[in-house]
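My entries follow the order in which I looked things up.

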Amino acid sequence: MQTQTRIQKAQKGDVHAMTELFESDKSIIWFLCRALLQDETEADRASIYVFNRTWSEIVDGKIASEEKTLNFAIRRAVIYCKGKVYKQNKKAFRIPTNCNFIPAYDIERMNLQGDLSEIILANLPVFQRFLYVIHTVAGYSEDELAELFAIKVKVVKKALEDESANILKITTLAERYLKINANVNINIFHDTIARKALESQVSKRVEEAVHQDIKKICLPIQKKRKRKQIRILAASCAGILILCAVVGGLISGKTKKPGIGEETLVSDESDSEG
């Protein structure tokens with residue numbers, strides 16, 4: 001017998017299987033939302049929404065593998081965060097004048113909380129932050145980024161080429177102000193946020209909300225499957241009873257006692273022999 005995948009079990013309302021899918025993907029989804037939105041509370045809301053949508057897709061049979069589950073969740077997270085930011089600032093994703101993706105940074109206005117990777121994310125312009133994080137953490141290609149933001153691929157290429165310069169400018173100012181020497185370059189930055197995406201701790205609020213959503217989605221499926229199993233069992237039992245009745249009737253017909261005429265004939269034959 002072929003072993004069922006977690007997706008197949010989840011489609012049948014298996015709470016444990018759906019919980020395992022959440023445990024596999026929760027860190028990267030929450031970190032992605034946190035990095036894009038720069039707000040933990042909003043990242044919590046985004047993550048809860050993303051997983052709720054993902055479970056709906058799974059039980060509807062629209063997701064057939066665990067890889068597609070993560071890809072769907074990542075895309076929903078990206079679209080949700082993009083829409084959230086755009087609603088707050090319609091100019092957030094405008095292409096800079098002359099495609100200059102390296103702005104001037106003012107140390108007096110910079111957020112210097114956290115480690116250098118967090119300082120970089122906090123101080124990048126919104127558009128650049130989205131492009132760099134989605135490219136590095138979500139694994140979007142240049143073509144996919146161009147499609148997502150409805151811009152030309154050459155614009156995406158230019159923005160990604162300017163990432164190193166942005167990181168250098170931010171870290172130089174931060175190191176000078178904080179009097180540290182971390183020597184963070186683009187490779188170290190990418191490695192750091194990729195590692196954090198796998199290790200981030202999801203808040204208790206997200207854990208509780210998602211587990212509740214899983215139960216709400218799975219319970220009706222379990223009840224429906226149970227009712228179906230009961231109907232199948234009842235139909236099977238009815239079929240067995242009918243079969244028993246038919247077989248019993250056939251056996252009874254073959255072994256029934258002789259009738260009145262037959263009894264008389266037997267008696268006559270016995271008398272003549274005597």
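**Loop residues**

I started with A150, which sits in the loop between α7 (142–149) and α8 (153–161). Helices here are DSSP runs of H or I with at least four residues, strands are runs of E with at least two, and both are numbered from the N terminus. A150 has a positive phi of about 55° although it is not a glycine. I noted A150 as exposed, at 69% relative accessibility. My cut-offs are under 20% relative accessible area for buried, over 50% for exposed, and partly exposed in between, with a 1.4 Å probe and protein chains only.

N98 went on the next row. Its phi is also positive, near 60°, and N98 is not a glycine. I found N98 in the loop between α4 (66–88) and α5 (116–123). N98 counts as exposed, with 73% relative accessibility.

**Model and confidence**

This is a predicted model, in which local features need pLDDT of at least 70, side-chain atom pairs count only at pLDDT 80 or more, and totals for chains, interfaces and linings use all residues. Residues are numbered from 1 along each chain as its sequence is written, and side-chain values use heavy atoms, with hydrogens and water left out.

I checked pLDDT, the predictor's confidence in each residue on a scale from 0 to 100. The protein chain averages 88, and 84% of the residues score at least 70. Which element has the lowest mean pLDDT? Helix α12 (residues 260–273) does, at 50, while helix α6 (residues 126–136) has the highest, at 98. Where pLDDT is low, the predicted coordinates should not be read in detail.

**Overall make-up**

I noted twelve helices and zero strands for the protein chain. Of its 274 residues, 37% count as buried. The protein chain exposes about 16,700 Å², and carbon and sulfur atoms supply 53% of that area. The areas come from the Shrake-Rupley method with a 1.4 Å probe; for residues, only the protein chains shown count as cover.

I then looked at contacts, meaning heavy atoms within 4.5 Å. Among contacts with a separation of 6 or more, 72% are between residues 24 or more positions apart.

**Helix α3**

I picked two residues here. S47 is found in helix α3. Is S47 buried or exposed? S47 counts as buried, at 1% relative accessibility. Leaving aside neighbours within four places in sequence, S47 is in contact with I29, W30, C33 and V206. A polar atom of the S47 side chain lies 2.9 Å from the backbone oxygen of A43.

N52 is also in helix α3 (residues 40–59). N52 is partly exposed, with a relative accessible area of 28%. Not counting residues up to four places away in sequence, N52 touches D213 and I217. I217 is 165 residues from N52 along the chain, yet their C-alpha atoms are separated by 9.0 Å.

**Salt bridges**

My rule was a side-chain nitrogen of Lys or Arg within 4 Å of a carboxyl oxygen of Asp or Glu. How many salt bridges does that give? The count comes to 14.

I looked at E20 and R6, whose closest N and O atoms are 3.6 Å apart. This pair links distant parts of the chain: E20 is in helix α2 (residues 15–37) and R6 in helix α1 (residues 6–11), 14 residues apart. E20 is partly exposed at 28% relative accessibility, and R6 is partly exposed at 24%. R6, E20 and E66 are linked in a network of salt bridges.

K158 and D162 meet at 2.6 Å, N to O. K158 is partly exposed, with a relative accessible area of 28%, whereas D162 is buried at 8%.

K204 and E208 form a salt bridge with their closest N and O atoms 3.9 Å apart. They are separated by about one helical turn because they lie four residues apart in helix α11 (residues 204–254). K204 is exposed at 62%, and E208 is partly exposed at 41%.

Note on methods
Polar contact = N/O pair within 3.5 Å; in protein donor to acceptor, adjacent residues only side chain to side chain.
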